[in-house]
Amino acid sequence: MARNMHLPGLLVLLVAGLAPGIRDSLGAQDPGPGPPELKEVFKLFQIQFNRSYSNPAEYAHRLDIFGHNLAKAQRLQEEDLGTAEFGVTPFSDLTEEEFGQLYGNWRAARKGLEMVREVSFERQKEWTPQSCDWRKAHVISPVKNQGQCRCCWAMAAAGNIEALWNINFKPSVEVSVQELLDCGRCGDGCIGGYVWDAFITALNYSGLASEKDYPFRGRANTHRCLAPNYTKVAWIYDYIMLPRNEQAIAEYVATQGPITVIINSERLQHYKKGVIKGTPSTCDPWYVDHYVLLVGFGRSKVEEKGTEKDLSSSNRPPRHSTPYWILKNSWGADWGEEGYFRLHRGSDTCGITKYPITACIQNPGKKPVSCPP
Ligand SMILES: *[C@@H]1O[C@H](CO)[C@@H](O)[C@H](O)[C@H]1NC(C)=O
Ligand SMILES: *[C@@H]1O[C@H](CO)[C@@H](O)[C@H](O)[C@H]1NC(C)=O
Ligand SMILES: *[C@@H]1O[C@H](CO)[C@@H](O)[C@H](O)[C@H]1NC(C)=O
């Protein structure tokens, strides 16, 4: 444990945040050494996320890691300049290294990726809506869980393709992530990858099969690409990189649909909810390692750090208002804000502007669709 951590105060907060049922099911047995309050919270964590350990030594090891992670979450909480809350998550019994090995993108995790050609798109007007949330248009598929396969790149690309397809053609397709893993040119997609490889696969096989026909198995089978076996349900004609400019990105998302971005994921292991706002020193914008789907943006009314309030509930003008991006992650729906998270908009938080990349899908007969506010 970090010596200067205020454990009891933090524990009260954590325990208070749990459902009464879980709180009541706290057992009285003492499974081993360690600070008693910490063991109680750890027990809640084990119940909430169905975690058991094979022997007392493993239990003690995980308890120790859990304690370190609570201290780290508290440090992140103090550092954060937005409204984010950090604490117990499904990943609280993993070290930073283990978390990186299980969920990091080994191929992409380095400073600076090779360039993709950047295009400027035709900016339609100097006006962007205040908010946009494509989830409300029912074009986004349910949150997935990449599990032990480091395929955030394929999950984000699939989410991008299906959202654009659904916006342009209406039917709600869900495309096969497994096809991207089995049929890519770079071998095992579960050790990480780049979104453009997913788009190249979709182009090469003239589209993607459905998730239903070719379901996610959690590991790549590169010797057995079944792309030709199934009917294609969505296809793309190109992919592009947008300008590294948050205003231009907002305009594109509002008028065209969700895009993929790659960010520095370091703070996400301990994230619970709210808007994360880092600085280049607390969240290095050049160390981007995790692909996610950018599905919209908005602005929260914040009275003070840590409390978000709806403006309508107060007559006073808000002291600060925090602009944010809404992002879909692929770590299951019990992480973050039901599988989603928010990053501060306007400060390149965690490198969000470094590689804004999207597939291109077009339906010439499409009626204009606008992003729900
Ligand atoms: C809890 O985990 C065990 C294995 O550790 C598994 O057999 C069981 O199905 C899990 N229960 C739930 C509700 O996920
Ligand atoms: C394109 O698809 C063919 C099979 O149709 C495959 O042999 C080839 O390796 C693929 N190329 C890439 C770049 O994925
Ligand atoms: C896929 O298609 C090939 C060639 O038609 C066939 O031999 C194979 O059995 C099919 N596999 C599955 C899983 O449908």
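Modeller: Two residues are in contact when heavy atoms of theirs lie within 4.5 Å. The model discussed here is predicted.

Colleague: Of the contacts in the protein chain with a separation of 6 or more, what percentage is accounted for by residues 24 or more positions apart?

Modeller: The protein chain comprises 9 helices and 11 strands. Among its contacts with a separation of 6 or more, the share of residues 24 or more positions apart is 79%.

Colleague: What percentage of the residues in the protein chain is buried?

Modeller: A residue counts as buried when its relative accessible area is under 20%. The protein chain has 373 residues, and the buried ones make up 53%.

Colleague: How are helices α6 and α8 oriented to each other: roughly parallel, roughly perpendicular or oblique?

Modeller: Helix α6 spans residues 152–169 and helix α8 residues 195–204; their axes are 8 Å apart, and the packing angle is about 55°. Roughly parallel would require an angle under 35 degrees, and roughly perpendicular one of 65 to 115. The crossing is right-handed. The two helices, α6 and α8, are therefore oblique.

Colleague: In the contact of α6 with α8, how many residues are nonpolar?

Modeller: Helix α6 contributes W153, A156, A157, N160 and I161, while α8 contributes V195, A198, F199 and A202. Sorted by class, the contact has no charged residues and 1 polar residue, and the number of nonpolar residues is 8.

Colleague: Why do residues three or four places apart in an α-helix point the same way?

Modeller: The contact residues of α6 include A156 and N160, and those of α8 include V195, A198 and A202. Residues three or four places apart point the same way because the number of residues a turn in an α-helix is 3.6.

Colleague: Is N160 buried or exposed?

Modeller: N160 lies in helix α6. Leaving out residues up to four places away in sequence, N160 touches F199, P258, I259, T260, L293, T358 and A359. Its relative accessible area is 0%, so N160 is buried.

Colleague: How many of the 10 residues of α8 are buried?

Modeller: In α8, the buried residues are V195, W196, D197, A198, F199, T201 and A202. After the helix comes S206, with a positive phi near 55°. Helix α8 is largely enclosed by the rest of the structure, because the number of its 10 residues that are buried is 7.

Colleague: Which residue caps the N-terminal end of α9?

Modeller: Helix α9, residues 246–255, is largely enclosed by the rest of the structure, because 8 of its 10 residues are buried. Just after α9, G257 has a positive phi of about 140°. At the N-terminal end, the backbone nitrogen of Q247 lies 2.8 Å from a side-chain oxygen of the capping residue, N245.

Colleague: What is the C-alpha to C-alpha distance between L294 and I352?

Modeller: L294 lies in strand β7, residues 290–304, and counts as buried at 1% relative accessibility. Beyond its neighbours within four places in sequence, its contacts include I249 and V253 as well as I352. L294 and I352 are 58 residues apart in sequence, and in space their C-alpha atoms are apart by 9.5 Å.

Colleague: How are helices α3 and α4 oriented to each other: roughly parallel, oblique or roughly perpendicular?

Modeller: The axes of α3 and α4 come within 10 Å and cross at roughly 100°. Residues of α3 in the contact include L38, V41 and F42, and those of α4 include L63, F66 and L70. By class, this contact has 8 nonpolar, 2 polar and 2 charged residues. Angles of 65 to 115 degrees count as roughly perpendicular, and the orientation of α3 and α4 is therefore roughly perpendicular.

Technical notes. Residues are numbered from 1 along each chain as its sequence is written. Chains are lettered from A and ligands numbered from 1 in the order in which they are written. This is a predicted model: local features need pLDDT of at least 70, side-chain atom pairs count only at pLDDT 80 or more; totals for chains, interfaces and linings use all residues. Side-chain values use heavy atoms; hydrogens and water are left out. Axes are lines fitted to C-alpha atoms, for helices over the stretch in contact, and angles run from 0 to 180 degrees between N-to-C directions. Helices (H or I, at least four residues) and strands (E, at least two) are DSSP runs, numbered from the N terminus. Angles under 35 degrees count as roughly parallel, over 145 as roughly antiparallel, 65 to 115 as roughly perpendicular and the rest as oblique. A crossing is left-handed if the near helix is turned anticlockwise from the far one by less than a right angle, and right-handed if clockwise. Ala, Val, Leu, Ile, Met, Phe, Trp, Tyr, Cys and Pro count as nonpolar, Asp, Glu, Lys and Arg as charged, and the others, Gly among them, as polar. Buried means under 20% relative accessible area, exposed over 50%, partly exposed in between (1.4 Å probe, protein chains only). A polar contact is a pair of N or O atoms within 3.5 Å; within protein, one must be able to donate a hydrogen and the other to accept it, and residues adjacent in sequence count only if both atoms are side-chain atoms.
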